[in-house]
Amino acid sequence: MSLSHGFVRGEALSCIYHGWSYSPSGGCIRIPAHPDLVPPETIRVAVQQVEEADGVLWVAAGQPATPPPHLDEFIPLRSLIVETGVAEIEAAAGAKNDTRRLVRLPQFPWIGLLLAPQGKHTLLLLLIDRDRSPADRIAASRIVESIRRAAEERQRENA
């Protein structure tokens with residue numbers, strides 16, 4: 001069972017299936033089926049660096065190359081996987097990303113797209129100005145879905 005399905009108990013992450021608990025440093029600290037056993041140091045899980053910034057959890061495998069970007073007035077609304085690269089998303093959005101990998105939509109400046117390439121696809125985080133209405137949030141979600149469809153169509157045409 002993946003630990004992503006686990007739960008936090010105190011300062012430990014516990015497996016939802018067997019209940020094994022791991023410390024923040026990755027070592028196993030508790031095996032419920034053997035309560036008197038001190039787990040050997042060899043029972044470990046990989047530990048990743050996590051940092052919260054502007055309402056987003058940033059996970060780095062290894063040492064992060066740069067700190068998380070500052071999102072200014074934006075807050076995260078939703079994320080989605082786009083089955084294409086950054087160039088197709090920029091073309092569909094009609095704008096290029098800046099040094100933070102943030103795309104501001106020219107026709108909707110209150111919407112931002114944070115792009116993270118992941119091999120053959122791109123993780124897209126939809127950002128929106130803090131003070132936008134619930135109707136604007138729905139509209140932003142629909143806009144980013146149309147950008148996703150257009151970018152994926154561009155990818156199919158160029159393949």
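**Cores and pockets in a predicted model**

Good morning. The largest nonpolar core of this predicted model has 21 residues, and those with the most contacts inside it are Leu105, Ile111, Leu113 and Leu124. A nonpolar core here is a set of buried Ala, Val, Leu, Ile, Met, Phe, Trp, Tyr and Cys residues joined through side-chain atoms within 4.5 Å. Buried means under 20% relative accessible area, exposed means over 50%, and partly exposed lies in between, with a 1.4 Å probe and protein chains only.

Two or more residues of this core come from each of strand 7 (74-82), helix 1 (86-93), strand 8 (102-105), strand 9, strand 10 and helix 2 (134-158). Helix 2 gives the largest share, five residues. Helices (H or I, at least four residues) and strands (E, at least two) are DSSP runs, numbered from the N terminus.

Residues are numbered from 1 along each chain as its sequence is written. Because the model is predicted, local features need pLDDT of at least 70 and side-chain atom pairs count only at pLDDT 80 or more, while totals for chains, interfaces and linings use all residues; side-chain values use heavy atoms, leaving out hydrogens and water.

What is Ile111 in contact with, leaving aside its neighbours within four places in sequence? The list is Phe74, Val103, Arg104, Leu105, Leu126, Leu127, Ala140 and Ile143, where contact means heavy atoms within 4.5 Å.

Let us turn to helix 1. Its buried residues are Val86, Glu88, Ile89, Glu90 and Ala93. They pack against strand 7, strand 8, strand 9, strand 10 and helix 2. After helix 1 comes Gly94, with a positive phi near 75°.

Next, strands 5 and 6. They run antiparallel and are joined by five bridges; two strands pair if DSSP finds at least two bridges between them. Val50 has Val59 of strand 6 as its bridge partner. The hairpin of strand 5 and strand 6 has two residues between the strands, and Asp54 there takes a positive phi near 55°. On strand 6, Val56, Trp58 and Ala60 form the covered face, whereas Leu57 and Val59 form the uncovered one.

Rolling a probe the size of a water molecule over the atoms shows where empty space is left. On a 1 Å grid over the protein atoms alone, a pocket is an open set of points where a 1.4 Å probe fits, with protein on both sides within 12 Å along at least five of seven lines; lining residues have an atom within 4 Å of a point.

The largest pocket has a volume of about 670 Å³. Of its 25 lining residues, Trp58, Val59, Pro68, Pro69 and Arg101 lie nearest its centre. Which strand gives the most to this lining? Strand 6 does, with five residues. At least two residues each come from strand 5 (49-53), strand 6 (56-60), strand 9 (108-118) and strand 10 (121-129).

The second largest pocket holds about 380 Å³ of space. Its lining has 16 residues, with Leu13, Pro24, Val47, Gln48 and Val50 nearest the centre. Strand 2 (12-14) and strand 6 each supply at least two residues of that lining.

Finally, Ser21 lies in strand 3 (residues 21-22). Ser21 counts as buried because its relative accessibility is 4%. Thank you.

Note on methods: Grid points are joined across faces, edges and corners, and a volume is the space filled by probe spheres set on the points.
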